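Student: I am new to this structure. Can you show me how to read its features, one at a time?

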Amino acid sequence: MQLALFIIFGGLALAGALNLLFQRHPINSALSLVVVMMSLAVLYWSLGAEFLAAAQVIVYSGAIMVLFVFVIMLLNAGEEEKTHGSRAAYGAGIPGAAAIFCLLSFVFLSERDALGKVSVGGFLGNAVDNIAEVSATLFTKLLLPFEVTSILILVAILGAVVLARKEQ
Amino acid sequence: MVPTAYYLILAAMLFSIGIGAFLIKRNVITIFISIELMLNGVNLTFVAFAQMWHQISGQIFVFFVMVVAAAEAAVGLAIIISIFRTRQTLNVDEIDLMNS
């Protein structure tokens, strides 16, 4: 059952990513990224990260992608045109990305047995749920980083307002 | 039962497609979208390794990556809006103020 889940949603994520690469219009790329994120949420759930699956849907495909789509529509971005720079990037980009992928998958496949297997619900096993574990760690051991993040968000809000403001 | 290596290979695929899109695309918004795709690929790696080691720290790391990505998206899109306002284009080949 887990293998079927992995094949369906992993394939969906891969199809979305390839569609992102091949579409010319930014709005199509943004919507394919939503597909990728939703299928990744299912994969997170199957890896025993229920909290992250919910956060992925709410934060990533909810908040961040709405911001992207909003900006694309605000700037009325059209289809991108091919230029000289894009031909140079094709020559270097495709083989480079393929080489990185081959290197990574060679390492993962050669260490395949050491990496072990994944089964649904086999993450913690001792009747501790995922959200309790995450929040216990986040609010005791990692309290300072958590509070620093809120300052980061505050600074980001101020920065966004200052940068996007109309010049007088 | 799925080998953890399959999840890691899927993450590597997403990351490499993100790199390819980052290099090929000429629209600054699409380049930004491919950065998000790369972040998602890395997040999947973190969650898979958290599962493998039965540790929660990998998931906490993904949580922080999400927060930083949200902040980055807000600031980056504001920069894109101000670029568009001054130069009237989203094509990265035409945004070459520091080149000329």
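Tutor: Start with helix length. The expected span of a helix is 1.5 Å times one less than its number of residues. Keep in mind that this model is predicted.

Student: What span should helix H3 of chain B have, and how far apart are its end C-alpha atoms?

Tutor: H3(B) covers residues 57-87, which is 31 residues. At 1.5 Å a residue it should span 45 Å, and its end C-alpha atoms are 44 Å apart, so the two agree.

Student: What follows H3(B)?

Tutor: Gln88(B) does, with a positive phi near 60°.

Student: Which residues of H3(B) are buried?

Tutor: Burial is a count of neighbours: 20 or more other C-beta atoms within 10 Å. Among those that qualify in H3(B) are Ile60(B), Val62(B), Phe63(B), Met66(B), Leu77(B) and Ile80(B). Gly58(B) and Gly76(B) are buried too.

Student: What covers the buried residues of H3(B)?

Tutor: The cover includes helices from both chains. Chain A supplies H3 (50-74), H6 (130-139) and H7 (143-164). Chain B supplies H2 (28-53).

Student: How many residues does each chain give to the contact?

Tutor: Chain A gives 74 residues and chain B gives 60. On the side of chain A that touches chain B, H4(A) has the largest share, 16 residues. That side divides into 55 nonpolar, 15 polar and 4 charged residues.

Student: How do E1(A) and E1(B) run, and how many bridges join them?

Tutor: The two strands run antiparallel, joined by 2 bridges. In one pairing, Val118(A) has Val2(B) as its bridge partner.

How values were computed:
Residues are numbered from 1 along each chain as its sequence is written. Chains are lettered from A and ligands numbered from 1 in the order in which they are written. This is a predicted model: local features need pLDDT of at least 70, side-chain atom pairs count only at pLDDT 80 or more; totals for chains, interfaces and linings use all residues. Helices (H or I, at least four residues) and strands (E, at least two) are DSSP runs, numbered from the N terminus. A residue is buried if 20 or more other C-beta atoms lie within 10 Å of its own, exposed if 12 or fewer, and partly exposed in between; C-beta atoms are placed from the backbone. Two residues are in contact if their C-beta atoms, placed from the backbone, lie within 7 Å. Ala, Val, Leu, Ile, Met, Phe, Trp, Tyr, Cys and Pro count as nonpolar, Asp, Glu, Lys and Arg as charged, and the others, Gly among them, as polar. Two strands pair if DSSP finds at least two bridges between them.
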